[in-house]
Amino acid sequence: NPTTETPLWSQDDQYPQDGRISTTSWEVATLYRDVFTLPVQSIPAGEYTLTIGLYDPDTNERLPVGEEDYFVLQTVFIPDYAK
C-alpha cells in the first residue's frame with residue numbers, strides 16, 4: 001500500500017464479538033464465530049491475503065502464531081466493480 005508503506009490495505013480491529021465474550025473463557029476445540037467488515041472501496045483491483053491475529057490484552061502486543069504473529073485465512077480477489 002503506497003499510502004501507508006505497508007502491506008496493509010484494510011483492517012477491522014475489535015474485541016471478539018464486540019466484547020461479548022472473552023478469550024480467557026474460550027474452550028479448546030470450540031468454534032467461535034464473529035463478523036468483521038473490511039472497507040474495500042479505495043482498494044485497487046487485485047488479489048489480497050486475509051490474515052487474522054490476536055493481541056495480548058495486558059500489553060496490546062500481537063501474540064505469536066507459530067513463527068508469525070498472524071494466521072493466513074485465504075486469498076481473495078477484489079474486482080474493479082466492487083467499488
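User: How many aromatic pairs does the structure hold?
Analyst: It holds 2 aromatic pairs. Keep in mind that this is a predicted model.

User: How are Trp9 and Tyr48 arranged?
Analyst: They pair edge-to-face. The ring centres are 6.0 Å apart, with 75° between the planes.

User: Which parts does that pair tie together?
Analyst: Trp9 lies in the segment before β1, and Tyr48 lies in strand β1 (46-52), so the contact ties together parts 39 residues apart in sequence.

User: How accessible are Trp26 and Tyr32?
Analyst: Trp26 has 33% relative accessibility, which makes it partly exposed. Tyr32 is partly exposed too, at 30%.

User: Switching topic. What helices and strands does the chain have?
Analyst: The protein chain has 0 helices and 2 strands.

User: Where does Pro64 sit?
Analyst: In the loop between β1 and β2, and β2 covers 71-78. Pro64 is exposed, with a relative accessible area of 64%.

User: How far is Pro64 from Ile21?
Analyst: In space, 21 Å from C-alpha to C-alpha. In sequence, the two are 43 residues apart.

User: Now the whole chain. What is its radius of gyration?
Analyst: It is 15 Å. A compact globule of 83 residues would be near 12 Å.

User: What box do the C-alpha atoms fill?
Analyst: Roughly 40 × 25 × 20 Å, along the principal axes.

User: How much of the chain counts as buried?
Analyst: Of the 83 residues, 10%. The chain exposes about 7,200 Å². Carbon and sulfur atoms supply 54% of that area.

User: What share of contacts joins residues at least 24 apart?
Analyst: It is 45%, counting contacts between residues at least 6 apart in sequence.

User: Last one. How many charges are there, positive and negative?
Analyst: The chain has 4 positive and 14 negative charges. Their mean positions are 10 Å apart.

Definitions and conventions: Residues are numbered from 1 along each chain as its sequence is written. This is a predicted model: local features need pLDDT of at least 70, side-chain atom pairs count only at pLDDT 80 or more; totals for chains, interfaces and linings use all residues. Side-chain values use heavy atoms; hydrogens and water are left out. Helices (H or I, at least four residues) and strands (E, at least two) are DSSP runs, numbered from the N terminus. The radius of gyration is taken over C-alpha atoms; the globule rule is 2.2 Å times the number of residues to the power 0.38. Buried means under 20% relative accessible area, exposed over 50%, partly exposed in between (1.4 Å probe, protein chains only). Contact means heavy atoms within 4.5 Å. Accessible areas come from the Shrake-Rupley method with a 1.4 Å probe; for residues, only the protein chains shown count as cover. Lys and Arg count as positive and Asp and Glu as negative; His and the chain ends are not counted. The place of a charge is taken as NZ of Lys, CZ of Arg, CG of Asp or CD of Glu. Rings of Phe, Tyr and Trp (its six-membered ring) pair if their centres lie within 6.5 Å; planes under 30 degrees apart count as stacked, over 60 as edge-to-face and the rest as tilted.
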